[in-house]
Amino acid sequence: MSKLLKLSWLFCFYSVISGCAATVEKQSEKPIWQQQNSQLITEADLLRKLPEVDVLYLGEAHDNPVHHQHQLAILEYLQTKGKLAGVVMEMLNSDQQAKIDQAYGKVKSQAELYNWLEWQQVKGWQWDFYGPMMWLAIKNNIPLKAGNITRKQIMELYHSSTKPKAEGPYIDTIREPLAKRIEEAHCNKIDQKSLVAMVNIQQARDKKLAEEAVSLKNGIKKGVKVVITGSFHARKDVGSPQFVQWLAPNVKVASVIFVESNEDQQARVEGTNRYVSAPWYQGVEQWGDWLWRTPKADTDRPDCG
């Protein structure tokens with residue numbers, strides 16, 4: 001694999017896991033910030049709200065087991081209530097869809113599903129994190145959709161620096177924050193052509209997730225269509241939900257973003273050099289409808305040294 005391709009895959013991984021990195025020593029009884037009315041709520045409060053949504057993004061750090069536990073619990077809750085109408089997963093490429101569709105009625109366990117999908121050949125996605133969510137969909141006859149483009153499509157985009165027409169989610173106010181994020185992930189050492197290509201890759205993946213979610217929304221089964229993806233893809237200000245609203249303006253889309261954060265942080269007072277204590281959710285409120293504070297994953301993550 002070329003160095004450039006490795007960098008592109010590094011971004012796909014790193015761009016959604018970097019951010020607040022401090023460990024939470026103790027979880028609050030109300031760990032969720034609800035943006036609509038600016039208040040902290042409990043997990044039970046959140047669950048009661050979710051059946052009202054058409055398309056629900058659950059934005060994770062890929063290496064954080066707590067995030068996957070919460071995602072699975074949400075899927076199980078919606079399934080128990082008869083409200084889970086479909087699951088779209090970033091961890092599945094579109095060239096795997098035929099194999100997924102054939103699994104219904106044939107695969108009898110999560111272990112069989114692992115072998116059926118030949119997951120031992122899949123790189124970058126830990127089965128223990130995602131297998132339970134896939135199996136929940138398969139065993140309950142819930143549509144499971146591949147939400148990612150193929151490696152071939154990624155390479156085609158990588159070798160092109162042509163910008164899409166500046167409309168909808170392709171406007172600069174969305175692409176510029178994505179570009180900044182990619183530059184930071186590459187320690188600000190990336191040429192302009194590669195940067196444009198990587199923004200295109202990010203947005204192509206955002207669009208694919210949205211297209212699958214919207215197609216499920218147009219299906220027969222009513223309920224919530226859940227998108228399992230990285231936190232940056234799930235962000236409502238710059239991520240895939242922008243494409244849902246562009247493709248299907250009448251769809252009610254919402255995001256739960258899992259945020260690794262301290263109990264509080266230091267915020268600079270505007271126009272001064274003074275810092276004051278600030279709540280953990282300050283500065284990230286626009287990311288989603290609900291921000292769910294969690295501990296940081298105990299893993300080594302790439303940095304710029």
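Reader: Thanks! To start, where does C187 lie?
Author: C187 sits in the loop that runs between α8 (172-185) and α9 (192-217). Keep in mind that this is a predicted model.
Reader: Got it. What is the phi of C187 like?
Author: C187 has a positive phi of about 55°, although it is not a glycine. For background, most residues other than glycine have a negative phi.
Reader: Which loop holds S38?
Author: S38 is in the loop between β1 (32-34) and β2 (39-41). S38 is not a glycine, yet it has a positive phi of about 55°. At 46% relative accessibility, S38 counts as partly exposed.
Reader: Switching topic: how many residues of strand β7 are buried?
Author: Eight of the eight residues in β7 (residues 253-260) are buried, so the strand is mostly covered.
Reader: Which way do the residues of β7 point?
Author: V253, S255, I257 and V259 point one way, while A254, V256, F258 and E260 point the other way.
Reader: Nice! Which strands pair with β7?
Author: Strand β3 (residues 55-60) pairs with β7 in the parallel sense over five bridges, and V55 stands opposite V253. Strand β10 (residues 290-294) also pairs with β7 in the parallel sense, over five bridges. There, L291 is the bridge partner of I257.

Notes: Residues numbered from 1 in each chain as written. Predicted model: local features only at pLDDT ≥ 70, side-chain atom pairs only at ≥ 80, totals over all residues. Heavy atoms only, no water. Helix = DSSP H or I, 4+ residues; strand = E, 2+ residues; numbered from the N terminus. Buried < 20%, exposed > 50% of the residue type's maximum accessible area, 1.4 Å probe, protein only. Pairing = 2+ DSSP bridges.
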